[in-house]
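Thanks for coming, everyone. I'd like to walk you through one structure today. Let me put it on the screen.

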Amino acid sequence: MVLRVLILGGTTEASALGRLLAGDMRFAATLSLAGRTAAPRAQPLPTRLGGFGGIDGLARFLAEHAVEAVVDATHPYADQMSAHAVAACARTGTPLASLVRPPWIRHAEDLWQVVPSTADAANALGPAPRRVFLSLGRQELRAFAAAPQHRYLARVIEPPEAVGLPPDLRILRARGPFDRAAEEKLLASQEIELLVSKNAGGMATYAKIEAARALRLPVIMIARPLKPVGHAVGNASEAVAWLGQLHDDIPCSPRGV
Ligand code: NAP
């Protein structure tokens, strides 16, 4: 018997879990991506792209594809998808695990100001013009049009649509992981005075936080949203162990296959 699994992805952890499940005969897993990235990295398992159509759409998908377990491995800030997963899994009785990536912890030397939202981050930059590094998603850049006095450098995977952006914005297209020496060089060469970041956690994008610490630069840190979760697991291996338990609990068919 195989366990039909849906992974809600878009993260390093989801890709790691996908690689583990792709080589494991106990599971038939599908990876779901929101479709924000035009050329997502190739995955070793079947992948579907795009939203499900809210809670109803996800519940329908789970029923139509006879999904027996869901692992929510979305980004810590993808709170809507996680809320939909909790609701749709509750409605359909589908077991749900959530891969929760621990946040970065502030060091004594870190100069963080934690704010609740992107709009608050723009406001926290203050009235005097500064050189600001935005390490955010392309959809979040528009909030900084409310603070047009600053000079922005934004690092994004996909270019943003041109409408509604701050006037003095340069785009740097790059996908992590990044290393600390390169991050220090970038911040210093661009004479960055201040960073705006989410508390993504993990190592892939932590180097900018280390670089800011080394250069004594302030970081405006956008706080994590409250994300509804199912059974919490800490990494891809723990998710496999949880799925393995579900697999072992599947009643065998009469022929024992
Ligand atoms: P979100 O606000 O929680 O989700 C918005 C909508 O996008 C959801 O309601 C759902 O549409 C669709 N969606 C999100 N993740 C999906 C998935 N894995 N498969 C299918 N549909 C999905 O999430 P978001 O912040 O837009 O993030 C979108 C994706 O980018 C996620 O997969 C996330 O892991 C990844 N990501 C996000 C961030 C971030 O900072 N937010 C950073 C890096 C990567 P329907 O309601 O139509 O189902």
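Start at the ligand. One of its oxygen atoms is 3.2 Å from a polar backbone atom of A78. Keep in mind that this is a predicted model.

R36 places a polar side-chain atom 2.8 Å from an oxygen atom of the ligand. For K198, an N or O atom in the side chain is 2.2 Å from a ligand oxygen atom. On its own, the ligand has 810 Å² of accessible area, and the protein covers 78% of it.

What surrounds the ligand? The shell has 22 residues. The closest are G9, S32, F52, M81 and K198. By class, the shell splits into six nonpolar, twelve polar and four charged residues.

Which elements give two or more residues to that shell? Strand 2 and helix 3, residues 79-92, do. Helix 3 gives the most, with four residues.

Now the whole chain. The secondary structure comes to seven helices and twelve strands. Along the principal axes, the C-alpha atoms fill a box of roughly 75 × 35 × 30 Å. There are 257 residues, and buried ones make up 42% of them. Take the contacts with a separation of 6 or more: 67% of these involve residues 24 or more positions apart. The chain exposes about 12800 Å², and carbon and sulfur atoms supply 56% of that area.

On to the inside. The largest nonpolar core has 23 residues. Those with the most contacts inside it are V5, I7, L17, L21 and L243. Which elements each supply at least two residues of this core? The list is strand 1 (3-8), helix 1 (12-22), strand 2, strand 4 (69-72), strand 5 (96-99) and helix 7 (236-249). Helix 7 gives the most, with five residues.

Take V5 as a close-up. Leaving aside neighbours within four places in sequence, V5 is in contact with L21, F27, A28, A29, T30, V67, A69, V71 and L243. Apart from this core lies another one, of 19 residues, including A121, F144, I220 and I222.

L195 is found in strand 10, residues 194-198. Is L195 buried or exposed? Its relative accessibility is 1%, so L195 counts as buried; the cut-off is under 20%. Beyond four places in sequence, L195 is in contact with F133, L187, K208, A212, L217, P218, V219 and I220. Also, L195 and I209 are 14 residues apart in sequence, with 8.9 Å between their C-alpha atoms.

For contrast, look at A38. A38 lies in the loop between strand 2 (27-33) and strand 3 (47-49). Its relative accessible area is 68%, so A38 is exposed. A38 and E158 are 120 residues apart in sequence, yet 7.6 Å apart in space, C-alpha to C-alpha.

One stop in helix 7: H247. H247 is buried, because its relative accessible area of 15% is under the 20% limit. Setting aside neighbours within four places in sequence, H247 is in contact with M1, V2, L3, R26 and F27. F27 is also in contact with V5.

Last, the backbone. Where is the cis peptide bond? It joins G176 and P177, with omega at about 5°. P177 sits in the loop between strand 9 (169-173) and helix 5 (180-189).

Then two positive phi values. A66 is not a glycine, but its phi is about 50°. A66 is in the loop between helix 2 (54-64) and strand 4. At 33% relative accessibility, A66 counts as partly exposed. R216, also not a glycine, has a positive phi near 60°. R216 is found in the loop between helix 6 (207-214) and strand 11 (219-222).

That's the tour. Over to you.

Technical notes: Residues numbered from 1 in each chain as written. Predicted model: local features only at pLDDT ≥ 70, side-chain atom pairs only at ≥ 80, totals over all residues. Heavy atoms only, no water. Buried < 20%, exposed > 50% of the residue type's maximum accessible area, 1.4 Å probe, protein only. Contact = heavy atoms within 4.5 Å. Near = heavy atom within 4 Å. Polar contact = N/O pair within 3.5 Å; in protein donor to acceptor, adjacent residues only side chain to side chain. Areas by Shrake-Rupley, 256 points an atom, 1.4 Å probe, with all protein chains shown as cover. Nonpolar A, V, L, I, M, F, W, Y, C, P; charged D, E, K, R; others polar. Core = buried A, V, L, I, M, F, W, Y, C linked by side-chain atoms within 4.5 Å.
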